[in-house]
Amino acid sequence: MLVYKYRGGNEEVFQRDLDGVENNYFWASNFETLNDPCENIVVSDKFLTQTKSLGFLLSFKRKDALKNLHGAFENLLSANKRIGIYSLSKSYLDKLLWAHYANSHKGFCLEYNSNLLLRSFKTERAYSFSVSYENKPPEITIADMQIKNDGLISKMSSFKSKRWEYEQEFRIITDNSGKQSYDYQSLKAIYFGLRMEESQKMEMMKKLCDREVDFYQIELLDKTYKFKAVKIKNPFIPEVKYLSAIPASVTGAKKVNFKITENIFYKLNSKGRMTIELEYAISEKEIEWIANIINNQIFHTAKRIYIFYNLKEIDLDIAWATSHTENGEMKIKINDWALET
């Protein structure tokens, strides 16, 4: 499924959003910063009544278990204040969304593949829901407290008043709010608003010209209130494809191709691990160039980053080279001796 994020604002906000796109992260808000003060409202009367009724029928030990259930419920409500919410839409042509969230068409809209976006969270808990729009807040029941049941999380984070129905919202829920890294391949297209500055369009296309991202211009259909998206060509030609080669401007000779064969981000442990297959052996300076890009654009929230470099068609018992970055300090090791054995 394709989902969309509207962005926009003044020059300062644009640069902040562009940095997120260029460096493959988004900001997951907490409930207190969302624009709807009715977020996170649930009705627990039925849950309390059900547990109280069960209490009369249970043994003493089971009553203690029931108390624990109440405690777990309270803990979940408290933890819910820490979670992060990334709000998207299923539409890129909605007039109100362009007006409200893209600075009256002065901004832009990002298109993501939701499956690839969610795959970015394979080492941690993350949930996704299409928002339900109701006239009343959702009601919590005992059934919502079942183990491995995300019903409670859904009711606490993906229900809104029917007045918001036009947004067609799709949400990604993360363990904590704040900066969240994502797979750069999940970004598929960018739509420019009707009033977006030409200079900002050019800057965005130039910085992303090495990505497989399509660009569209939103236009007004003649004699209607409707919009259409017209695909436009990126005028900038990249030196190399993103994360596929070290450019000649870095090597001083010809480009060196490489391929990422493993990419794991243990976000809860703040640890990144990557394995790269190189076309052939490179210098320490070139290893540092790759490592800096990986550290800043793939693992930029990690405290420890381990990158292993192998050589194409050469099978070694250990990596030909490694780079280890911890708290901003990088150490590079090249095992040339391994080629002699």
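**Figure 1. Asn24 sits in the loop between H1 and S2.** In this predicted model, Asn24 has a phi near 60 degrees, a positive value for a residue that isn't glycine. Is Asn24 buried or exposed? It is buried, with a relative accessible area of 1%. Compare Glu313, which lies in another loop, the one between S16 and S17. Glu313 also isn't a glycine and has a positive phi, of about 65 degrees. Glu313, though, is exposed, with a relative accessible area of 75%.

Figure 2. H1 has 12 residues and reaches 16 Å from its first C-alpha to its last, close to the 16 Å expected at 1.5 Å a residue. Which residues of H1 are buried? They are Phe14, Asp17, Leu18, Gly20 and Val21. The background here is simple helix geometry: an α-helix has 3.6 residues a turn, so residues three or four places apart point the same way. And what covers the buried residues of H1? The cover includes strand S1 (2–7), along with S2, S4, S10 and H7.

**Figure 3. Strand S4 is largely enclosed by the rest of the structure.** Have a look at S4 (108–113): 6 of its 6 residues are buried, so the rest of the structure largely encloses the strand. Both faces of S4 are covered. Phe108, Leu110 and Tyr112 are buried on one side, and Cys109, Glu111 and Asn113 are buried on the other. S4 also has strand partners. S1 and S4 run antiparallel and are joined by 6 bridges, with Arg7 having Phe108 of S4 as its bridge partner. S4 also pairs with S10, again in the antiparallel sense, over 5 bridges. In that pairing, Cys109 has Tyr191 of S10 as its bridge partner.

**Figure 4. Phe108 and Tyr112 also belong to the largest nonpolar core, which has 25 residues.** Phe108, Tyr112, Ile190, Phe192, Met204 and Phe215 are the residues with the most contacts inside this core. Which elements each supply at least two of the core residues? Helix H1 (11–22) and helix H7 (198–207) do, and so do strands S2 (25–28), S3 (84–89), S4 (108–113), S8 (169–174) and S10 (187–192). Zoom in on Phe215: leaving out residues up to four places away in sequence, Phe215 touches Ile190, Phe192, Met204, Met205, Leu208, Val230, Lys231, Ile232 and Asn234. There's a second, separate core too, with 24 residues, including Tyr242, Leu243, Phe258 and Leu278.

**Figure 5. Six strands make an open sheet with mixed pairing.** The strand order is S13-S14-S15-S16-S17-S18. Which strands stand at the edges? Strand S13 (245–246) and strand S18 (329–334) do, each with a single partner strand, so one side of each is left without a neighbour in the sheet. At the S18 end, S17 (residues 321–326) and S18 run antiparallel and are joined by 6 bridges. Thr325 stands opposite Met330 in S18.

**Figure 6. Strand S15 pairs in the antiparallel sense with S14 and in the parallel sense with S16.** S14 (residues 256–266) and S15 (residues 271–278) pair over 8 bridges. Glu262 has Thr275 of S15 as its bridge partner. How many residues lie between S14 and S15 in their hairpin? There are 4, and Ser270 in the turn has a positive phi of about 55 degrees. The pairing of S15 with S16 (residues 304–311) is also over 8 bridges. There, Met274 stands opposite Ile307 in S16. To get from S15 to S16, the chain passes through helix H9 (residues 284–297), and this β-α-β crossover is right-handed.

**Figure 7. The whole protein, for orientation, has 9 helices and 18 strands.** Of its 341 residues, 43% count as buried. Take the contacts with a separation of 6 or more: residues 24 or more positions apart account for 72% of them.

Methods
Residues numbered from 1 in each chain as written. Predicted model: local features only at pLDDT ≥ 70, side-chain atom pairs only at ≥ 80, totals over all residues. Heavy atoms only, no water. Core = buried A, V, L, I, M, F, W, Y, C linked by side-chain atoms within 4.5 Å. Buried < 20%, exposed > 50% of the residue type's maximum accessible area, 1.4 Å probe, protein only. Contact = heavy atoms within 4.5 Å. Pairing = 2+ DSSP bridges. Right-handed = clockwise from strand over helix to strand, strands pointing away. Expected span 1.5 Å × (residues − 1).
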